[in-house]
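Please consult the sequence and the model alongside the points below.

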Amino acid sequence: MSNLVRYDVQNGVAVLTIDNPPVNALSPEVWEAIEAAVARGVADPSAVAMVLIGAGSTFIAGADIKIFDVLKTREDSLARSATIHALLKRLEDATKPLVAAIHGNALGGGLEIALACHFRVAATDARVGQPEVLLGIIPGAGGTQRLPRLCGAQMALQMCTDGKPVPAPRALAAGIIDDLVEGDLLTGAIAFATAKARAVKIRKTREITLGIERVRAGLEACEAARAALAKTARGLGAPFAAVSAIEAGLQRTFDAGSLRERELFAACVVSTESKALRHLFFAEREVAKVPDIPKDTPVGEIKRAAVVGAGTMGGGIAMAYANAGIPVLLKEVDDAALQRGLATIRKNYDVTMSKGKMTAEQVEKTMALITPTTSYDGFDQVDIVTEAVFENMELKKATFAQLGKVTRPNCILASNSSTLDIDQFAGASGRPSQVLGHHYFSPANVMKLLEIVRGRDTSREVIATSLKLAKRLGKVGVVVGNCFGFVANRMLAYYMREAYLLLEEGASVPQIDRALTEFGLPVGPFGMQDIAGIDVGARIRQYLTSIGKTRAEGPQSAIPDRLYAMGRYGQKTGAGWYKYEPGSRTRISDPLIDQMAEEEAAKRGLERRPIADEEIIARITTALANEGARVLEDGYATRAGDIDIIYCHGFGFPRASGGPMFYAETMGLATVLARVKEYRGRFGDYWEPAPLLEKLVAEGRGLYS
Ligand code: 3HC
């Protein structure tokens with residue numbers, strides 16, 4: 001018998017313990033070992049029933065996601081899922097009661113195995129779910145057929161289309177599980193199995209029939225789900241495929257419905273959407289692994305924090321700490337600024353409360369963790385300070401010099417600068433090993449990305465502590481190097497430059513924004529800049545000019561600076577790239593921008609022309625990928641996947657395309673390189689192929705190999 005599933009008999013019940021750390025993922029060997037263990041239990045005269053349980057922290061987290069890479073064609077997938085479907089039927093046909101005992105998570109194939117067992121019991125804090133859709137696939141081991149038979153189509157549709165796990169008490173109420181076990185799960189499961197063995201009757205989920213009324217309601221729910229997904233999941237395949245599979249189960253026999261599920265699963269698993277989402281699943285976990293920061297690097301504990309600056313960013317960062325239960329001092333220069341910052345925080349929490357996501361009591365408790373101050377009193381007690389003052393080198397250096405004096409020597413000093421040189425702050429602080437960048441994205445209490453910017457002298461312990469802290473704050477921390485704009489904003493400069501140039505060449509602001517939102521971004525470049533503030537970019541350009549640099553070499557559009565000079569900073573001033581009615585965020589296109597584009601085109605001797613949406617997407621994604629390749633080659637990002645994570649979490653780059661680098665890889669790096677060369681011929685030398693791109697294409701390699 002394999003070690004993957006251990007077998008022993010306790011009180012007349014065979015206990016089958018799956019042991020495949022860390023999460024008991026179902027490799028082909030685990031599926032087989034489960035079947036063998038069940039067969040042994042059935043044949044064992046000393047066992048009257050069987051309990052299937054997981055070792056370690058969880059029941060089963062699902063099929064081994066790596067296995068899907070092996071399924072190259074639809075036919076491979078159909079064959080594989082036929083094997084699994086048949087195996088699950090054999091489990092279900094076992095002649096002794098088979099009870100799944102769930103703790104931690106029963107997800108994907110893990111829940112599907114449990115559904116094929118005769119009964120399910122769970123620890124009170126366990127969760128069950130069908131998260132396949134988040135990987136661009138649908139349940140492929142009978143989940144779309146068995147789950148609705150237990151909980152009805154409506155709930156199954158919800159679970160299979162949003163992928164969110166359901167807590168055990170809710171699963172019990174819905175009929176997905178049969179009992180909750182307080183105390184020791186195995187003891188409770190053995191008692192349950194013994195009682196069921198006495199009651200004799202084995203219940204096969206696949207034989208449950210939904211009455212005619214429930215079928216009709218289910219079919220209506222399928223239609224409603226499709227209509228809702230048309231708004232929320234536009235362009236995606238898997239959520240719609242899940243609906244179709246459940247619908248087939250309502251209309252056909254179990255076997256015919258299962259065949260439909262297998263066909264739909266097979267189409268999904270070879271789709272680009274699924275490959276991209278599976279890539280992000282692993283990239284999200286890989287990101288925490290930094291080559292020269294071993295797992296055993298000492299990690300400091302963050303018990304108290306402070307934030308300097310209560311503006312939009314500082315306030316959001318203080319909220320992120322408070323939300324994680326960490327007390328935080330929030331410092332401003334004077335009481336008026338402090339009160340403004342606190343009022344914004346209060347307003348944000350009120351909005352959260354009005355959406356029912358927090359109770360009044362929770363809001364008060366969380367707000368109480370934020371201590372406003374106009375002095376540095378108490379800074380000698382904190383473990384980390386995040387500086388979020390105005391984006392100005394001298395001001396930030398002065399702040400770091402002060403922080404070096406008022407905090408303990410082992411306190412981490414982080415800057416929320418979005419562009420400036422961290423090493424200069426490190427020098428000013430007098431203890432460079434404790435200094436690094438913590439670059440949050442607005443709104444900082446919501447956006448999941450945290451760029452952890454490593455300075456020349458930042459210690460390994462400070463980086464490791466930051467990675468752990470990011471997780472605690474509910475963020476994805478990505479370690480990046482200290483170049484101008486780090487990774488996110490350095491690449492963004494190329495994205496924005498291309499948007500400005502497309503505008504001058506003949507596209508319009510609404511067209512460019514629409515093309516990119518149809519591509520899948522939540523907001524286009526101009527809408528985004530109106531939210532962030534046109535003044536922010538203008539001040540950065542002024543600073544760069546003062547030190548003799550530019551953000552992205554090549555032609556620069558004068559329009560952003562013209563808007564800045566006119567006081568059109570975006571939403572906050574009622575006009576920017578768009579116009580806004582007072583108190584409204586609705587974007588109204590402005591003919592003045594087209595006029596400016598015509599003037600700037602004339603100055604550059606450009607004949608304006610109609611530009612297709614495809615060209616907009618191609619130029620902007622190519623600009624991102626080319627600069628991303630430079631960032632990688634220069635060592636400012638560890639892996640191409642880290643850049644993908646930065647763009648998906650920081651800017652809402654469509655996950656179903658896997659991030660800007662994965663999108664380039666999907667296009668084919670040779671195609672991307674050919675485009676860069678074509679653009680150089682058409683638009684000028686500022687389009688210069690990244691050497692890494694040329695090298696990879698010449699060697700026939702990819703960004704991820
Ligand atoms: N396959 C392969 N590896 C998996 C895995 C899976 N299903 N689930 C988790 N892992 C790996 C992770 O990559 C990670 O590896 P690493 O340590 O080398 O980085 C390790 O297990 C631990 O995972 P997490 O870091 O995510 O641990 P957490 O404790 O934070 O979360 C979890 C645990 C909630 C189970 C989370 O890992 C998770 O959501 N897993 C994926 C669940 C899922 O999507 N299941 C469906 C799979 S598809 C399927 O079952 C198809 C079926 O219908 C046929």
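Axes are lines fitted to C-alpha atoms, for helices over the stretch in contact, and angles run from 0 to 180 degrees between N-to-C directions. Helices (H or I, at least four residues) and strands (E, at least two) are DSSP runs, numbered from the N terminus. This is a predicted model, in which local features need pLDDT of at least 70, side-chain atom pairs count only at pLDDT 80 or more, and totals for chains, interfaces and linings use all residues. Residues are numbered from 1 along each chain as its sequence is written, and side-chain values use heavy atoms, with hydrogens and water left out.

**Helix packing**

- Helix H24 (residues 613-633) packs against helix H25 (residues 640-651) at an angle of about 130 degrees, and their axes are 10 Å apart.
- H24 and H25 are therefore oblique to each other (angles under 35 degrees count as roughly parallel, over 145 as roughly antiparallel, 65 to 115 as roughly perpendicular and the rest as oblique).
- Leu 624, Gly 628, Val 631 and Leu 632 in H24 are in contact (heavy atoms within 4.5 Å) with Ala 640, Ile 643 and Tyr 647 in H25.

**The sheet**

- An open sheet of mixed pairing is formed by 8 strands, in the order E12-E11-E10-E13-E14-E15-E16-E17; two strands pair if DSSP finds at least two bridges between them.
- At the edges are strand E12 (370-373) and strand E17 (476-481), each of which pairs on one side only.
- From one strand to the next, the twist averages 25 degrees.
- Strand E13 (residues 384-387) pairs with strand E14 (residues 412-415) in the parallel sense over 4 bridges.
- Glu 387 has Ser 415 in E14 as its bridge partner.
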